[in-house]
Amino acid sequence: MNTVTRLGGFALGLAAVFGAAYGIGRVVDPAAPAARSGHDGGAAHTSGPTTHDEVTDRVPGGLLVSDRGYTLVPVAAPAGEFAFRVGGPDGRPVTRYDVAHDKRMHLIVARRDLSGFRHVHPDLAPDGTWRVDTPLAGPGQWRAFADFTPTGGEPLILGVDVTVPGELTERPLPAPASSTTVDGYTVTLAGTPQPGRTSPLTLTVSRDGRPVTDLEPYLGAYGHLVALRRGDLAYLHVHPDGTPGDGRTRPGPQVTFLAEVPSAGSYRLYLDFRHGGRVHTAEFTVVADAAATGAGPTPGGPSSTGGAEHGTPGHGHN
Ligand SMILES: [Cu+2]
């Protein structure tokens with residue numbers, strides 16, 4: 001597989017058919033966890049240079065099951081539980097992790113259709129096994145992301161496919177919108193991510209028509225934003241601009257993030273924020289368009305036909 005080709009095709013497909021079905025890609029046999037290492041078939045083979053404008057030379061997070069000697073390995077768990085280990089460069093499970101964003105391990109899961117997002121924090125057993133009440137809500141092909149820093153190593157985001165058997169009803173990706181509601185809150189989004197560039201995204205939280213000005217810190221910030229790219233679920237760091245207590249960052253109603261997306265395409269944004277003692281997750285679909293001016297959100301969907309001159313919109317890319 002070639003990342004350049006794949007991402008290029010992804011951008012072309014985007015220009016044509018917003019609701020097109022996409023392949024499930026790289027399903028890993030859950031009965032054979034021992035065979036996972038190096039088996040992912042993802043971007044590991046594509047570290048070479050690229051000349052494609054829309055592709056950075058850095059592989060986004062979450063596409064690899066194994067990176068820099070560390071491998072994500074789901075392990076058998078009782079019903080209702082999800083468990084995994086991280087194999088280290090010495091072949092043994094990693095047992096020492098640095099705290100980042102208040103936790104030693106952030107586990108993010110989403111179905112391949114970008115529904116069912118959960119962000120949870122497993123518990124570490126002395127043998128290196130992480131366990132958590134299963135966040136996999138319902139059947140389908142899930143992607144599980146482990147976001148962590150092994151002590152003495154660099155931050156890593158490893159991803160693995162997990163199948164939950166059962167009847168799968170694939171949900172279409174919701175259309176781009178600049179406003180959404182969750183748990184009685186209304187969250188609006190201003191800003192548009194631009195490929196290869198850092199752009200501000202500002203989310204504004206209100207409730208019953210009034211701005212929420214007493215957001216509670218969650219994971220060291222007033223909001224935590226994850227972006228997943230449609231088609232391959234590349235996982236993107238979106239850093240908050242400012243932290244609680246820095247003298248300039250207010251507890252709402254606005255939370256600003258600095259987003260850098262690696263390519264044109266559709267992304268699903270998941271904003272976790274805490275208010276009233278609970279964490280709420282607001283979701284948005286956004287379109288990063290290489291031709292966009294960055295003048296604001298694009299609630300009407302892709303406004304440009306950039307890329308369509310290449311002539312083969314909608315061809316398969318998985
Ligand atoms: Cu977390």
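Q: In this predicted model, is His 280 buried or exposed, and why does it count that way?
A: The idea is to compare a residue's relative accessibility with a cut-off: buried means under 20%. His 280 has 3% relative accessibility, so it counts as buried. You will find His 280 in strand E19, which spans residues 278-288.

Q: What does the side chain of His 280 make a polar contact with?
A: Look for the side chain of Asp 183, which makes a polar contact with the His 280 side chain at 2.7 Å. The His 280 side chain also reaches the backbone oxygen of Arg 278, at 3.3 Å.

Q: Leaving aside neighbours within four places in sequence, which residues is His 280 in contact with?
A: Val 182, Asp 183 and Tyr 185 are on the list, together with Leu 271, Asp 272, Phe 273 and His 275.

Q: Let's turn to the metal. Which residues coordinate the copper ion?
A: With a metal, begin with the donor atoms. Here the copper ion is coordinated by ND1 of His 106, NE2 of His 119 and NE2 of His 121, at 1.8 to 2.0 Å. Along the chain, these donors follow the spacing H-x12-H-x1-H. His 106 sits in strand E5 (residues 105-111) and His 119 in strand E6 (residues 118-120), so placed that the pair, 13 residues apart, links distant parts of the chain.

Q: Are His 106 and His 119 buried or exposed?
A: Both of them are buried.

Q: How should I read a salt bridge, and how many are there?
A: Side chains of opposite charge can pair when their charged atoms come close. In this model the count comes to 12 salt bridges. One of them joins the side chains of Arg 143 and Asp 161, at 3.0 Å from N to O. Arg 143 lies in strand E9 and Asp 161 in strand E10, so this pair ties together parts that are 18 residues apart in sequence.

Q: Are Arg 143 and Asp 161 buried or exposed?
A: Arg 143 is buried, with a relative accessible area of 0%. Asp 161 counts as buried too, because its relative accessibility is 1%.

Q: What about the pair Arg 229 and Asp 232?
A: Their side chains meet in a salt bridge at 2.8 Å, N to O. Arg 229 is at 0% relative accessibility and therefore counts as buried; Asp 232, at 4%, counts as buried as well. Salt bridges can also share partners: Asp 67, Arg 68 and Glu 154 are joined into one network in this way.

Q: And are Arg 92 and Asp 90 buried or exposed?
A: Arg 92 and Asp 90 are exposed, and their side chains meet in a salt bridge at 3.6 Å, N to O.

Q: How do strands E9 and E10 pair?
A: For paired strands, look at the direction and then at the bridges. Strand E9 (residues 140-150) and E10 pair in the antiparallel sense over nine bridges. As an example to locate, Trp 142 has Val 162 as its bridge partner in E10. The two strands form a hairpin with five residues between them, and Gly 152 in the turn has a positive phi of about 90°.

Q: Why is strand E10 described as largely enclosed by the rest of the structure?
A: Count its buried residues: strand E10 (residues 156-164) has nine residues and seven of them are buried, so it is largely enclosed.

Q: Which strands does E13 pair with?
A: Strand E13 (residues 198-207) runs antiparallel to strand E12 (residues 185-190), with six bridges joining them. Val 187 has Val 205 as its bridge partner in E13. Seven bridges join E13 to strand E17 (residues 254-260), again antiparallel, and there Leu 203 is partnered by Val 255. E13 also pairs with strand E14 (residues 210-211) over two bridges, in the antiparallel sense. In that hairpin, which has two residues between the strands, Asp 208 takes a positive phi near 55°.

Q: Finally, what pLDDT does the chain average?
A: The chain averages a pLDDT of 79, and 73% of the residues score at least 70. Over residues 1-57 the pLDDT is below 50, and beyond near neighbours in sequence this stretch has 107 contacts in the model. Residues 293-318 also have a pLDDT below 50, with 35 such contacts.

Definitions and conventions
Residues numbered from 1 in each chain as written. Predicted model: local features only at pLDDT ≥ 70, side-chain atom pairs only at ≥ 80, totals over all residues. Heavy atoms only, no water. Donors = N, O, S within 2.8 Å, 3.2 Å for Na, K, Ca; no water. Helix = DSSP H or I, 4+ residues; strand = E, 2+ residues; numbered from the N terminus. Buried < 20%, exposed > 50% of the residue type's maximum accessible area, 1.4 Å probe, protein only. pLDDT = per-residue confidence, 0-100. Contact = heavy atoms within 4.5 Å. Polar contact = N/O pair within 3.5 Å; in protein donor to acceptor, adjacent residues only side chain to side chain. Pairing = 2+ DSSP bridges. Salt bridge = Lys/Arg side-chain N within 4 Å of Asp/Glu carboxyl O.
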